[in-house]
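Have the sequence and the 3D view ready. This report takes the fold piece by piece.

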Amino acid sequence: MSDSGSPRVTRLLPDAVHQAVKPGTAVVRLQTTHDRRGVLDGAWWPSSRDIAAELPALISALTEYLGPLTRVGLDAGAWEALPTRLLVDDRVVHVDSFPVGDDTVLVTRGDQDHFSLLVIPPHATPEAARTAMAEAVRADNITQAEQILIDTGTDRAAPKT
């Protein structure tokens, strides 16, 4: 990933998640077996809710580890101006609107290989983001994305100023 605008995708497991984490970071756990036990495959901490600015870097970074991605599913209500497709690294990636909530992004590789990522709110503190990311990538995690954010004190609403 030579592009400085790409999110930093780490191959961290929960023990190493305590390294410095900042907005624009994606943490992905890739299962090597067909039996995925965890609810989530990773976590992403975008810098803003501007999907046109945030999503290309995530797709580029994930493509490096997962191979070409074909679709991304997001909740239109959680993002600014959700496009129907994006051109990323000379490949068209379709963007679907699903009522998955603002705490989840679904990524599809090929026709049916889906990955579900926890979305950390842009305003989250680094400590809350690290804690939520560590929970999301635990292989035995059965906690839904929304509950992880509640449990880690990461409100979905931005703090009042």
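The sections below cover the model, its helices, its cores and its strands.

## The model

This is a predicted model, in which local features need pLDDT of at least 70, side-chain atom pairs count only at pLDDT 80 or more, and totals for chains, interfaces and linings use all residues. Residues are numbered from 1 along each chain as its sequence is written, and side-chain values use heavy atoms, with hydrogens and water left out.

## Two helices

Helices (H or I, at least four residues) and strands (E, at least two) are DSSP runs, numbered from the N terminus. Buried means under 20% relative accessible area, exposed over 50%, and partly exposed in between, using a 1.4 Å probe and protein chains only.

Helix α1 covers residues 51-66. Its buried residues include I51, L55, L58, I59, L62 and L66. E54 and S60 are buried too. After α1 comes G67, with a positive phi near 90°.

Helix α2 covers residues 126-137. The expected span of a helix is 1.5 Å times one less than its number of residues. The 12 residues of α2 should therefore span 16 Å, and its end C-alpha atoms are 16 Å apart, which agrees. Among the buried residues of α2 are A128, R130, M133 and V137.

## The nonpolar cores

A nonpolar core is a set of buried Ala, Val, Leu, Ile, Met, Phe, Trp, Tyr and Cys residues joined through side-chain atoms within 4.5 Å. The largest core has 22 residues, and W44, L55 and L74 touch the most other members. Helix α1 and strands β4, β5, β6, β7 and β8 each supply at least two residues of this core. The largest share, six residues, comes from α1.

Contact means heavy atoms within 4.5 Å. Not counting residues up to four places away in sequence, L55 touches W44, V72, L74, L86 and V95. Another core, of 13 residues, lies apart from the largest one. A129, A132, A145 and L149 are among its members.

## Strands side by side

Two strands pair if DSSP finds at least two bridges between them. Which strands pair with β4? β7 pairs with β4 in the antiparallel sense over four bridges, and G73 stands opposite L106 in β7. β6 pairs with β4 in the parallel sense, also over four bridges. Here L74 stands opposite S97 in β6.

Strand β8 holds S116. Why does S116 count as buried? Its relative accessibility is 13%, so S116 counts as buried. Not counting residues up to four places away in sequence, the contacts of S116 include V39, D41, T104 and L106.
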